[in-house]
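This report describes a strand arrangement and a set of aromatic contacts. The sequence and the coordinates are shown first.

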Amino acid sequence: MTDLLCLGEAMVEFVRLESGDYRRGFGGDTSNAAIAAARQGASVGYLSALGTDRFGDSLIDLWSGEGVDTSHIHRDPDAPTGIYFVDPDPEGRFFTYYREASAASRMQPGDLPSNALANTRCLHLSGITLAASEQLRATGLAAVDMVRGAGGAVSLDTNLRLKLWDLDTARRVLTDTMSRADIAVTSIDDSAHLTGLSDPVGIARHYHNLGPRIVLVTMGGDGCHLSHPGGQVLIPPARARAVDSTGAGDTFAGAFLAWWLETEDPERAARRAAIAAAGTVSGYGAVDPIPTRAAVLAAE
């Protein structure tokens, strides 16, 4: 039985350097979460679709090198692997995506490995998974139903991207999906848009009322509000030398799930996830700086 399956779209990233050249990397929120969980020692698989191109090959190599099971990745010969470009700017990072009609966006419920989903302890997906295309949304919801039907847990990270869908649709779909989730991961900024609330206690109550028994409201430098059947607690941020916040929330989610599945202790899992996220923001990129299990335990 696999501890965790993550479902979504991973892409190849090209970041413009000061020289004008581009450096290749990798992106994708649930992919980042899968790698973070694997580095904490969980048994993890990734569910997605890739083209039969070299970009798809490079993602397979990435996951294989991280110990993430790729046996259920669908390769679509008629669609490309998604890519995106990042242009750093003093005012922020500007993204240009080429993901329309990508292999992952064309994924269908029939592509899902029903046996693997029936034999995982937890499924993790995100708002981006549900927003990327109607086909991927249907696939994600079918996976949720398969895991729930087999008695597994479902984790949903809101990860709101309003460039992918309108707010009304996001609210409707995420509310419906949350009603089928056991764990809600959301940022205070996402929830301000989705719920109209700005108080983490009220946000946690809102999501509990939808169904999840564990709610994590991340608040950047203010830490994370954790609410679960044992109570509510503020998880302070771990010490960090912040240089790049890319992927920090994904690392937090993946590390939390790995430690929760191992310890069944949400507070211990959240504190260790905060350490993992701090390690991520202390380096550049979404994947390279994610700390290992040993590094997280050493920093406790």
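Is F55 buried, partly exposed or exposed? F55 is partly exposed, since its relative accessible area is 29%; here buried means under 20% relative accessible area, exposed over 50%, and partly exposed in between, with a 1.4 Å probe and protein chains only.

The model is predicted, so local features need pLDDT of at least 70 and side-chain atom pairs count only at pLDDT 80 or more, while totals for chains, interfaces and linings use all residues. Residues are numbered from 1 along each chain as its sequence is written, and side-chain values use heavy atoms, with hydrogens and water left out.

**Aromatic contacts**

Across the whole structure, a search finds eight aromatic pairs. Rings of Phe, Tyr and Trp (its six-membered ring) pair if their centres lie within 6.5 Å; planes under 30 degrees apart count as stacked, over 60 as edge-to-face and the rest as tilted. Two of these pairs are tabulated below.

| Pair | Centre to centre | Angle between planes | Class |
|---|---|---|---|
| F14 and F55 | 5.8 Å | 65 degrees | edge-to-face |
| F85 and Y98 | 6.0 Å | 90 degrees | edge-to-face |

F14 belongs to strand β2 (residues 11-16) and F55 to helix α2 (residues 54-66), so their pair ties together parts that are 41 residues apart in sequence. Helices (H or I, at least four residues) and strands (E, at least two) are DSSP runs numbered from the N terminus. F14 counts as buried, at 15% relative accessibility. F85 in strand β7 (residues 83-89) and Y98 in strand β8 (residues 92-98) are 13 residues apart. F85 is partly exposed at 25%, whereas Y98, at 51%, counts as exposed. Ring pairs join F14, Y22, F55, F85 and Y98 into a cluster.

**The sheet and its helices**

Eight strands form an open sheet of mixed pairing, in the order β4-β1-β9-β10-β11-β12-β13-β14; two strands pair if DSSP finds at least two bridges between them. Each of the edge strands, β4 (44-47) and β14 (231-235), has a single partner, so one side of each is left without a neighbour in the sheet. From one strand to the next, the twist averages 15 degrees. Axes are lines fitted to C-alpha atoms, for helices over the stretch in contact, and angles run from 0 to 180 degrees between N-to-C directions.

Helix α1 (residues 29-39) packs on the sheet and touches β1 (2-7), β4 and β9 (120-126), its direction making about 170 degrees with that of β4. Contact means heavy atoms within 4.5 Å. Helix α5 (residues 134-149) also packs on the sheet, touching β1, β9 and β10, and its direction makes about 155 degrees with that of β9.
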